[in-house]
Amino acid sequence: MFLKIRIKMLSNFSRIVFLLPFFLIVFSLPAYAALDPEIVKQLNAETNEEKVASIKNIALLGTPEAAALLQAMADDALSFSGDTIIRMEGDRAINVATGQEIKPLPENIETLVTNNSTRRALNASLSLLKLFSPDREERIKAAKALEASADALSMPILDQVLIKESDPEIKQIITLTRASIELKNPDPAKRLAAVKSLGESNHPDVKIKLTELTDPANEPDAGVQSAAKESLASLENRLLVGESISRVFTGLSLGSVLLLAALGLAITYGVMGIINMAHGELLMVGAYATYVMQGIFRTHFPEYIDWYVLAAIPVAFFSAGLVGILLERTVIRWLYGRPLETLLTTWGLSLILIQSARVAFGPQNLEVANPIWLSGSIEAMSNVVLPLNRIIIIGFAFFVLALMWVLLNRTRLGLFVRAVTQNRAMAGCVGVPTARIDTVAFGLGSAIAGLGGVALSQIANVGPDMGQGYIVDAFMTVVLGGVGQLAGAVWAAMGLGIVTKLIEGVAGAVIAKIVVLAIIIAIIQKRPQGLFAIKGRFVD
Amino acid sequence: MSDTSVNMAHGMGENLSEPIKNNSILQLSNITVSFDGFRALNDLTLTFQVNELRCIIGPNGAGKTTMMDVITGKTRADSGTVFFNQTIDLSNLSEPEIARVGIGRKFQKPTIFENHTVFENLELAMKVDKRVRHSLFAVVDDLTRDRISDTLRLIHLGEHTEQVAGRLSHGQKQWLEIGMLLMQEPQLLLLDEPVAGMTDDETERTGELFNSLKGKQSLVVVEHDMAFVEQLKSNVIVLHEGSVLCEGDLATVQANPKVIEVYLGR
């Protein structure tokens with residue numbers, strides 16, 4: 001009976017979804033477990049302190065009814081009449097303490113008003129109660145949220161969870177949370193046990209708590225102090241591992257962006273020997289193409305807005321490729337074999353492209369939103385959070401790399417491109433249309449830069465100047481890896497990314513840049529042909 | 001269109017020193033080339049027949065390489081004409097155009113794509129539609145594979161198909177280049193000292209290769225190695241100071257007193 005009534009009164013679908021877990025628990029109970037009317041009554045006490053205490057007391061019950069009541073209060077669905085707290089269902093009034101309908105309908109029903117402090121207490125209590133959710137993911141989330149914020153008041157609930165919970169991972173988190181609360185226990189023996197068990201923790205906040213205990217001013221007991229030091233050491237070790245993993249990951253992420261920028265350059269520079277200073281602007285073209293696709297999806301296909309990035313991939317590929325082919329046909333073609341003029345001309349072209357973007361889209365950075373499937377993150381360890389968009393971009397970079405590898409090594413066109421890279425005159429002699437191959441290769445390099453632009457739009461600002469920041473690093477990647485070498489570009493990009501981020505962690509961004517440049521100069525001195533150079537036209 | 005009318009059109013009809021034979025693949029008439037007054041070729045007139053193997057020998061400076069250069073368009077003749085297939089006037093064509101009408105040339109130094117595999121080298125050289133759009137989706141079909149493996153067998157590289165060409169021995173590189181030339185299906189193949197730098201064993205196998213092409217492919221071989229020339233058992237032309245000294249099989253030529261004088265006497 002109770003169930004049916006309750007569902008009927010819920011107008012809001014999301015509320016049903018939220019409460020569903022509690023209903024499931026209710027099903028398994030033999031009868032409605034009544035709440036203590038004295039405690040419930042306090043929800044409408046005179047002072048805020050009393051209300052908050054009442055909320056906490058109800059939460060401590062840890063029962064589904066308590067959760068449902070607090071949720072109803074958080075949703076502003078409660079009323080009162082005199083001392084009785086009531087929930088209205090149509091024109092029937094339900095006493096929340098007993099779950100019974102009140103007949104006849106009481107007079108003077110007023111809405112129970114919540115304020116900031118009661119709402120805060122409600123939210124905290126509700127998240128505590130989520131520890132009893134039947135959904136494992138939800139329980140883990142709740143446990144992790146508690147890990148840093150739990151106080152002594154939560155202890156009874158935590159104990160209850162430890163009895164009921166069967167999942168070892170959640171048990172582990174709760175045990176550590178209990179231990180960090182126990183650190184404040186006046187009994188040194190309990191503190192000692194807590195400190196010892198906290199050596200197993202991975203949470204950065206625990207580190208602060210343990211550090212406090214190594215100070216004699218905070219911790220009178222010498223045994224607890226030394227145990228805290230030990231636990232702190234093992235905790236710091238594990239945190240260091242996590243930090244290193246984070247750095248390597250950020251390095252990989254930077255490397256994958258460099259790779260996307262450098263792959264295109266590796267082709268244009270490798271095949272034609274052209275130093276294309278406008279390559280960064282082709283990244284920009286790709287990013288603006290993404291922005292335009294986002295706009296088109298917003299106005300015309302709002303229901304598919306989450307997939308605009310996928311649609312932007314081919315659009316960016318072809319628009320950047322077309323711009324590249326246009327540049328090659330109209331300007332660069334006439335400058336073959338004149339590297340200095342090419343460099344200056346392409347620099348000029350890059351300025352023209354930047355200004356064109358300013359005229360067309362305005363000088364400000366544009367907002368390109370991550371779709372749902374690109375936002376969020378994966379928490380690999382308590383201090384290792386891997387953003388989803390970066391993970392996907394790393395995958396995307398390797399996908400583009402694989403595509404290029406197939407194109408260069410498994411198609412006849414690729415065979416021709418490699419032949420022209422190696423010996424242009426001879427390729428011409430066996431009938432390869434070298435001028436056409438130049439155009440295609442330049443277009444392909446530009447198109448891949450466009451793909452890089454799609455990736456960049458998801459992690460960086462989209463603006464007219466965005467390409468400038470990547471061109472130098474991309475060139476360094478190509479030169480370091482060896483001209484015209486895919487494998488070289490991969491190793492150089494990932495190496496540069498990871499080394500930069502590792503040094504940044506120790507010495508800061510500026511020093512990292514200097515050190516990386518010095519390393520590159522040293523390597524180029526030793527191996528002018530790059531790390532993975534093949535013998536070819538430009539390295540003879 | 002008759003041969004005479006073509007020649008008449010170029011105003012060369014009367015100058016022909018001998019009538020054009022109907023099955024000639026290449027006809028050089030009265031070619032003269034001077035470098036700063038030195039006459040590298042002096043009124044040279046030569047005819048090569050279809051599917052014939054010809055060897056050209058001569059001492060240093062006799063004009064052998066210059067003759068090759070004139071045929072392939074690398075050097076322009078001061079006077080005289082070169083007709084290919086009796087109707088195509090090569091003096092009007094550029095180097096790549098001459099290559100495209102069907103004259104393949106192998107240089108002394110092996111020129112191959114060192115970073116490509118043997119198979120890829122042959123695939124690159126193959127005579128197919130090499131336009132971009134076609135090449136993107138082109139696959140190595142059975143016909144291609146058969147042709148490439150035929151050539152591989154011919155040039156003794158069947159076991160090195162996936163080998164990177166740069167790792168081949170000198171002799172193998174020479175064979176690979178010959179194979180690449182054959183893949184282009186030239187009507188006439190010019191080979192400049194193909195066995196230079198080869199071991200005796202390799203030289204002999206190259207000779208076998210050329211002998212197997214005899215009668216199927218028009219070949220002109222410039223060579224110093226007399227043992228190799230003897231193995232080919234072909235008609236030999238001796239060049240001296242830019243013109244033909246004598247012509248005939250090797251034994252006849254070697255018995256010619258003028259030849260002995262040119263090679264030994266001076």
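Biologist: What is the order of the strands in the open sheet of 4 strands in chain B?
Modeller: This is a predicted model. In chain B the order of that open sheet is β2-β1-β4-β5, and the pairing is antiparallel.

Biologist: Which strands stand at the edges there?
Modeller: They are β2(B), residues 38-49, and β5(B). Each has a single partner strand, so one side of each is left without a neighbour in the sheet.

Biologist: And what packs on that sheet?
Modeller: Helix α2(B) does, touching β1, β2 and β4 of chain B. The direction of α2(B) makes about 65 degrees with that of β2(B).

Biologist: How many residues of α2(B) are buried?
Modeller: The helix spans residues 64-72 of chain B, and 7 of its 9 residues are buried, so by the cut-off of 20 or more other C-beta atoms within 10 Å it is mostly covered. The buried ones are Lys64(B), Thr66(B), Met67(B), Met68(B), Asp69(B), Val70(B) and Ile71(B).

Biologist: What follows α2(B)?
Modeller: Gly73(B) comes after the helix, and its phi is positive, near 85 degrees.

Biologist: Back to the sheet: how many bridges pair β1(B) with β4(B)?
Modeller: Strand β1(B), residues 24-35, and strand β4(B), residues 79-84, pair over 5 bridges in the antiparallel sense. Within β4(B), Ser79(B) is the residue opposite Thr32(B).

Biologist: How many bridges are there between β4(B) and β5(B)?
Modeller: There are 2 bridges, again antiparallel, and β5(B) covers residues 88-89. Phe83(B) stands opposite Asp89(B) of β5(B). The two strands form a hairpin with 3 residues between them, where Asn85(B) takes a positive phi near 55 degrees.

Biologist: Further along chain B, which strand is joined to β9(B) by 6 bridges?
Modeller: That is β10(B), residues 243-249, which runs antiparallel to β9(B), residues 235-240. Opposite Val238(B) stands Cys246(B) in β10(B). This pair is a hairpin with 2 residues between the strands, and Glu241(B) in the turn has a positive phi of about 50 degrees.

Biologist: Let us turn to chain A. How many helices and strands does it have?
Modeller: Chain A has 22 helices and 6 strands. Of its 540 residues, 41% are buried. Among contacts in chain A with a separation of 6 or more, 71% come from residues 24 or more positions apart.

Biologist: What is the strand order in the open sheet of chain A?
Modeller: The sheet has 4 strands in the order β3-β2-β1-β4, with antiparallel pairing. At its edges stand β3(A), residues 92-95, and β4(A), residues 110-111; each has a single partner strand, so one side of each lacks a neighbour in the sheet. Strand β1(A), residues 78-81, pairs with β4(A) over 2 bridges, and Phe80(A) stands opposite Glu110(A).

Biologist: Which residues touch the most other members of the largest nonpolar core?
Modeller: That core has 156 residues, and the ones touching the most other members are Leu259(A), Ala261(A), Ala262(A), Leu263(A) and Ala489(A). Helix α12(A) gives the most to this core, with 16 residues. Another core, of 50 residues, lies apart from it, including Met73(A), Ala124(A), Leu146(A) and Leu158(A).

Biologist: What is Leu263(A) in contact with, leaving aside its neighbours within four places in sequence?
Modeller: Leu263(A) is in contact with Val400(A), Leu401(A), Met404(A), Ile448(A) and Ala489(A).

Biologist: Which residues of α11(A) are buried?
Modeller: In α11(A), residues 204-214, they are Val206(A), Lys209(A), Leu210(A) and Leu213(A). Seen down the helix axis, these buried residues fall within an arc of 95 degrees, so they line one face of α11(A). They pack against α9 (168-182), α10 (188-198) and α12 (222-272) of chain A.

Biologist: Last topic: how many residues does each chain bring to the contact?
Modeller: Chain A brings 21 residues and chain B brings 19 residues. On the side of chain A that touches chain B, the elements giving two or more residues are α17 (412-422), α18 (424-429) and α19 (434-457). Of these, α17(A) gives the most, with 7 residues.

Biologist: What are the classes of residue on that side of chain A?
Modeller: The side of chain A that touches chain B has 11 nonpolar, 6 polar and 4 charged residues.

Definitions and conventions: Residues are numbered from 1 along each chain as its sequence is written. Chains are lettered from A and ligands numbered from 1 in the order in which they are written. This is a predicted model: local features need pLDDT of at least 70, side-chain atom pairs count only at pLDDT 80 or more; totals for chains, interfaces and linings use all residues. A residue is buried if 20 or more other C-beta atoms lie within 10 Å of its own, exposed if 12 or fewer, and partly exposed in between; C-beta atoms are placed from the backbone. Two strands pair if DSSP finds at least two bridges between them. The arc is that of the directions from the helix axis to the C-beta atoms. Two residues are in contact if their C-beta atoms, placed from the backbone, lie within 7 Å. A nonpolar core is a set of buried Ala, Val, Leu, Ile, Met, Phe, Trp, Tyr and Cys residues joined through C-beta atoms within 7 Å. Ala, Val, Leu, Ile, Met, Phe, Trp, Tyr, Cys and Pro count as nonpolar, Asp, Glu, Lys and Arg as charged, and the others, Gly among them, as polar. Axes are lines fitted to C-alpha atoms, for helices over the stretch in contact, and angles run from 0 to 180 degrees between N-to-C directions.
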